[in-house]
Structures are given as C-alpha cells and as structure tokens.
Amino acid sequence: MTVDSADHRLRRARRVTLLSLATNVWTTVLLPAVGLAREPDPLRATIGVVGLLAFTVAQVAVLHAAVTPWLATAARRRRHLALVAAALLSLPLVGPVAAGAWPTWAWLGASLVGMTPLLLRPATGVLAATGVLAVSAAVTAATGGPVPTALLVTGGVGAGIAALTWVQVWFWDVLVEARQGQAARARLAAAEERLRFARDVHDLLGHDLTVIALKAELAERLAPVDGERAGREAAEARRLAASALTRVRAAVHGYRTVDLAEQVAAVGEVLRSSGVRCTVVPPAGDLPAPVAADLAAVLREAGTNVLRHSRAGWCRIEITREDGLVTLTVRNDGVRDAGPDRLSGGLRGLADRLAPAGGRVRASAEDGVFSLVATVPVTS
C-alpha cells in the first residue's frame, strides 16, 4: 500500500487511531497485573512479569504495524510472528500466576481475541478466537480456577475488544483508501493533460509534416528536369515549416501561460486537504503574464514551506495591487522554530528570479507566525 507518510492529516488520524487501539494494551497490562499482585511466590511473580512484558511489547508492535501502511511486508510479518511467540511463551510464564485466585491468563486471552481483526480474515479469526477460548479454559482448569469466569473474560471481553478494534481499523483503512484515491486522481489528471498536449501537437504537426515531406520529395524529383518549379516547391516547404513552427510555439506558450487566480485556488485546496484552514484573497483583475509567472513560483514555494516547515493550523494568502506594485503575502501559524531560513535555497532562488523585474522577497517570523511577502512592480 502506497501512502505518503508526510501527509499531515493522515498523521493526525493515525495518532488518534493508535490512541484508540491502545485500549488493548491497557487491558493486557493492568488486569493481568492484578494477578501478579496476588501471587504469593516472588519467583513466579517475577517470571510472570517477564512474560507479560514480552506479550505487551509484541502487542504494541502489531498495533503500530496495523496503522503504518508504508511498513514493509516482511517487517509486518515478523511482528505478527513475534506476537504468536510471545503468546505461546506466556502460557508457562503467566498461566500459573495467582492460580485459582485470579484469571490472569484469561485476560491475555481476551487481548488475543481482540487482536484477531488485525491479524486474520473474519472466518479464520473466528477459528482462532475459538482456539484461544479452549486454551484459556484449559489453563484455568489446570491451575484450579473457575472455568466459566475464564471463558466469560476471554470470550466476552475479547469479543468487545475485537469489535472496537475492527471499527477503528476499518475507519483507518477507509481514510487511507480515500487519500490514495485523491493521489490517483491527481496522477490521472496529469496523465490526461500530457495526452491532451500530445494530441494537440499531433494535430498541429501531423498534416503539415506530411505536406512538407511530399513537397520536399517533389522538389527533389523536379530538380534535374525543372529547376524553377523545384525551387517553388522547396520555398513552399520552407513556408509550411515556418508556419508549423509558429503554431507549435503558440501552442506551447498557451500551455506555459499562468493563471495566477487558478494557482492561488489550487494551493489553497492543497493546504485544506492537508488539514490547514486556508483563506485565499485572489488578485483583482488580470496581471501581466511575466508578473503572474513570477508570483506563481513564489506561491508554490510558500505553500511548500507551510507544509514542510510548520504545523500550521491556518494560512492566509493574499494578492493586492496598489500604486504600480503587486504584493503577494502568505502568513501561517504553527512555526516550530524560525521557519525556513530566509537565506535558504528556495527563498534565495525566488529573490534571484524577481530581481531582474525589480521585485523583492521578505521573510519573517514573530510569535509563532511566519510571513512571506513578495513584491513586483507592474505598469498600469
């Protein structure tokens, strides 16, 4: 599963899901610990602590893997095997703890039942849960405890944990699939744009190049017998080639033309999709193409800085035009330090780009708010 681990919103949802799943860990640690407290034999209690810690560490590793889709398959499989090994090891280490006084291992069994949605398919999970119930009953009977109580703990509590776990993981999977769908749509849009450009270039050049080839071939054949007509055909081929070149340049210029308002809206949508509340004030009216291209470059760098160098909760993008000067201002909160270095490669490159047009770039951070201001002079 391909997921961008730098996605702000995905990271926040992942943390929430991990906290929810941590309920299993508390069940594993706290309730068996009651049995450890009731165990009169210090040696058996110490051995039980070792088994409980091993099980808890393995369980935490599996919970972490469940909400880490970018984890390698081999690493995920090793964590699952570690949990199986820790569960088997817990039978002799934790099973005899507080024998007859507390269903110590039954609580571990409940945690195992609760973990089945993370490890197995539904049908296999039911079979595994049944096996855990049988083991819980056997351990309780062997240690002289009440079997019905053990079955109630392992089965009832385990089923409740399993249901909660399944819902939490299901919501997480839905979110991951939604983010993958957004990325896929972006890739598809880019591919469609490349195909459209290829079709346009083919439509522009296909006919002209065919005619040019025919004219050149005719001129070659006429050259030995009718030099005057051959010259006319060669001149026509040259004229067609120049016309085709002009049309291609016009088409490429159309693709390179920057609509700054669209760029501002697109950056705003990217920030919002990353969980940043974004206010956008687009330019009033059209700007000259060179100015729009320069400010679009500044805007893209500013958007990247918001995502990369901050934990922004809000961002404001504003473009104003006054007294022959166009100003782009990008402000955001959540600055962890001083923000991006004002002498960093990105900002230095923007300053170099704006300099020939008389533009400037200023960056500052104050009270956790970072501001990037770019100004470019423009003729009326």
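How many residues lie between S4 and S5 in their hairpin, and which residue in the turn has a positive phi?

**Before looking.** I am reading a predicted model, where local features need pLDDT of at least 70, side-chain atom pairs count only at pLDDT 80 or more, and totals for chains, interfaces and linings use all residues. Residues are numbered from 1 along each chain as its sequence is written, and side-chain values use heavy atoms, with hydrogens and water left out.

**Entry: the hairpin.** I found two residues between S4 and S5, and Asp367 in the turn has a positive phi of about 55 degrees. Strands S4 (residues 360-366) and S5 (residues 369-377) run antiparallel, joined by seven bridges. I count strands as DSSP runs of E, at least two residues, and helices as runs of H or I, at least four, numbered from the N terminus; two strands pair if DSSP finds at least two bridges between them. I also saw that Ala365 stands opposite Phe370 in S5.

**Entry: Thr17.** I looked up Thr17 in helix H1 (residues 8-38). Thr17 counts as buried because its relative accessibility is 10% (buried is under 20% relative accessible area, exposed over 50%, partly exposed in between, with a 1.4 Å probe and protein chains only). Its side chain reaches the backbone oxygen of Ala13 at 2.9 Å. Leaving aside neighbours within four places in sequence, I find Thr17 in contact (heavy atoms within 4.5 Å) with Val67, Gln168 and Trp172.

**Entry: Trp170.** My last stop was Trp170, in helix H6 (residues 147-222). At 42% relative accessibility, Trp170 counts as partly exposed.

Methods:
Polar contact = N/O pair within 3.5 Å; in protein donor to acceptor, adjacent residues only side chain to side chain.
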